[in-house]
Amino acid sequence: MDAKDSDRLEETHEKAETEEPFDLDELLPAIGEFGRYQKLLLWLICLPACIPCGFCAFNQLFMTDVPEEYWCKIPELQNFSTEERKLYGIPIVEHDGLEEFSKCSRYAVDWKALLASNDSSSIIPNNSWPVEHCRDGWEFNSSTVISSIVIDYNLVCEYDIYPTLGLVALNTGGPVGVFLFGMLNDRAGRRTSYFCCLATLLFGSFITAASRSFSMWALSRVIVGLTIPAVYQIPFIIALELVGPNYRSFVTVMTCTFYTLSLMMLAGVTYLIRDWVELTFYTSVPFLLYFLYLFVMPESPRWLLMKGRLEEALQILEKMARINGKQFPAAFKSKLQLRVQAEKNRTEKRKEVSIGPFDLCRTPNMRLKTILITLNWFVNETVYLGLSYYGPSLGENQYLSFFLSSLVEIPSYLVCWVAMDRWGRRWPMCMLMILGGISCVATVVLPEDAVMETLCLYLLSKSMISASFLIIYPFAGELYPTQVRGVGIGTSSYIGGLGLIVIPFITYLGKENLILPLVIMGCVSVAGGFTGLRLPETLHHRLPQTLEEGELFGQDWTVDDCFRCMPSKKSPTGSYENLSLEPSDTALELNIGQPLVNGSGAGRGPGDARGTYSAATSTEKTPLEMARLRRQSMKRLVRQASTMDTQKTADGAMQLTYWF
């Protein structure tokens with residue numbers, strides 16, 4: 001090779017280097033993937049920042065407690081004792097074979113005239129008296145439920161569905177909030193978005209405490225609902241963007257665990273605080289201290305680089321290296337400057353082809369997988385939240401039941417984290433959904449007084465659906481091709497979120513039949529689990545990157561695959577998330593939008609893996625190709641197993657998705 005060729009090769013090398021989108025994954029190994037800086041950020045900031053989500057998403061369950069005993073209020077009888085008021089003014093009805101005072105009716109008599117003409121001791125109610133609905137409100141036995149919006153706003157009898165509508169209002173705000181805070185997250189940064197989200201959450205909580213009518217209270221719950229998923233996801237994304245690929249699964253599991261711990265803490269708070277207004281303050285005011293994070297929470301360097309704010313990103317990265325005890329690579333600064341400028345120029349010039357949800361349904365195999373993924377997401381999200389809402393209704397102590405229903409999630413997370421690496425994604429997810437659903441349905445064979453047995457089956461089902469819900473996210477991310485992963489997960493999660501609006505009405509059915517909601521949710525879970533068996537396994541397989549590859553992936557599915565619980569070993573083409581430089585991986589690396597230097601690969605599109613593989617293995621690689629391979633291999637995820645990241649944009653930044 002002469003000097004001219006050498007100079008041309010070096011020039012081509014530098015041009016290719018600057019044209020590659022920047023990615024911090026190649027820098028993190030040098031300055032620490034999970035050093036002291038990331039640990040302090042995770043344990044002291046990002047994980048505690050998840051607690052407001054758990055508190056404010058479920059404190060509403062205890063604001064709407066319904067006293068076991070209530071009856072119509074009769075103003076003319078308020079000078080009498082409680083027993084006399086019920087004896088004189090409330091008819092006796094039969095309920096479940098027992099006689100009791102009616103909760104929703106009273107005698108329709110003129111009490112002023114009756115008391116004026118008769119002595120109270122001579123009044124003897126009889127069944128011939130006319131009956132009417134409660135027109136002056138209700139009286140409540142507050143020995144067990146001291147305070148709730150049900151008592152303050154008289155939400156019983158014909159108004160007993162109103163607390164359910166409050167849950168619907170809370171869940172309706174979620175998808176809207178994720179869209180709004182998602183845009184703010186991308187335009188103003190993760191840090192700004194989080195504190196705006198936290199301020200909105202606290203504002204909604206204060207309006208909740210100040211509410212003087214149900215309509216005002218329901219409006220405040222919509223405001224709180226705007227923030228529920230986003231206030232959990234934003235610190236989670238900050239943590240993911242600052243740790244190396246090896247530790248993203250750990251961060252994900254720990255985030256889920258802290259969220260569950262917040263629910264367990266909420267059970268203790270609600271046990272101690274029985275007044276619903278005070279409960280609102282105790283589960284929101286302490287989070288005003290989180291605004292102190294303004295002084296220590298960093299902005300995401302990935303987002304700063306994406307916006308071209310190089311100096312700010314370098315300050316954070318240099319601080320990270322210093323705290324981690326690492327030396328910041330001097331050459332990286334100049335290299336990053338070139339890449340940032342090249343990225344800005346390329347962003348201004350290029351016109352990316354927009355890909356929408358309808359592109360997922362243009363081909364038969366991809367359409368079927370999209371429908372099944374979305375269906376299973378809907379089932380997991382709906383049943384998980386439904387069981388979470390229903391926890392306080394079971395057992396003899398609603399606070400203990402809610403605590404236990406949260407506690408059983410933690411071991412399920414750890415077990416499924418291990419199971420995913422050994423048995424794949426499909427079988428663990430489907431079997432957990434089916435067995436969890438069977439546990440719910442099995443409650444129908446228990447007698448009505450089998451309270452503890454029903455609670456045990458419920459807890460077993462809750463632990464299983466929690467584990468399957470953790471699996472559906474990485475499973476969907478691996479089934480959707482890289483080209484449409486963001487669109488696919490966003491579409492499935494938003495449609496799945498519609499179940500959050502429906503599920504309160506299912507739990508409402510438990511007022512008449514305690515077992516009915518469990519049976520409905522169990523049947524839905526079993527049906528979803530069986531449909532999931534039709535999806536292809538992703539463990540040990542080369543995952544698709546384009547829509548064309550997505551159509552081919554799983555096309556050879558057969559019924560026998562449903563009965564294969566152990567996934568097949570690694571396919572000959574390997575996995576694009578494997579760091580090895582096997583020929584198969586080489587082929588795929590050269591295939592990602594990069595034509596081969598020698599002419600044998602020129603003109604092939606990114607979906608033609610077979611032609612690219614032939615060119616890469618049948619010719620000797622140039623130094624430029626080897627250098628590119630080394631750089632690109634460092635940017636790939638270290639493991640396919642348990643990859644539970646959010647998806648990235650083309651610029652390397654994590655995207656906010658609706659994942660409750």
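Colleague: Is C157 buried or exposed?

Modeller: Before we start, this is a predicted model, where local features need pLDDT of at least 70 and side-chain atom pairs count only at pLDDT 80 or more, while totals for chains, interfaces and linings use all residues. Residues are numbered from 1 along each chain as its sequence is written, and side-chain values use heavy atoms, leaving out hydrogens and water. Now for the cut-offs: buried means under 20% relative accessible area, exposed means over 50%, and partly exposed is in between (1.4 Å probe, protein chains only). C157 has a relative accessible area of 11%, so C157 is buried.

Colleague: Which residue does a disulfide join to C104?

Modeller: A disulfide is a pair of cysteine sulfur atoms within 2.5 Å. Here C104 is partly exposed, with a relative accessible area of 27%. The S to S distance in its disulfide is 2.0 Å, and the partner is C157.

Colleague: How many residues apart in sequence are the parts that C104 and C157 tie together?

Modeller: Helices (H or I, at least four residues) and strands (E, at least two) are DSSP runs, numbered from the N terminus. The link of C104 and C157 is left-handed, with -95° about the S-S bond. C104 lies in the loop between β3 (98-101) and β4 (105-107), and C157 in the loop between α7 (149-153) and α8 (162-187), so the parts tied together are apart in sequence by 53 residues.

Colleague: What about the C72 and C134 disulfide: left-handed or right-handed?

Modeller: The sulfur atoms of C72 and C134 sit 1.6 Å apart. C72 is buried at 1% relative accessibility, and C134 is buried too, at 9%. The torsion about their S-S bond is about -60°, so this disulfide is left-handed.

Colleague: How many salt bridges does a search of the whole structure find?

Modeller: Side chains of opposite charge can pair when their charged atoms come close. A salt bridge here is a side-chain nitrogen of Lys or Arg within 4 Å of a carboxyl oxygen of Asp or Glu. Searching the whole structure, the number of salt bridges found is twelve.

Colleague: Which residue does E132 form a salt bridge with, at 2.9 Å?

Modeller: E132 belongs to a network of salt bridges that links R106, E132, R135 and D136. At 2.9 Å between the closest N and O atoms, the partner of E132 is R135.

Colleague: How about R309 and E312: what is the N to O distance in their salt bridge?

Modeller: R309 is partly exposed at 34% relative accessibility. E312 is partly exposed as well, at 37%. Their side chains meet with an N to O distance of 2.9 Å.

Colleague: How many residues apart are E478 and R425?

Modeller: The side chains of E478 and R425 meet in a salt bridge, N to O 2.7 Å. E478 is in helix α20 (residues 451-479) and R425 is in the loop between α18 (409-423) and α19 (426-441), so this pair links distant parts of the chain. E478 is buried at 3% relative accessibility, and R425 at 0%. The two are apart by 53 residues.
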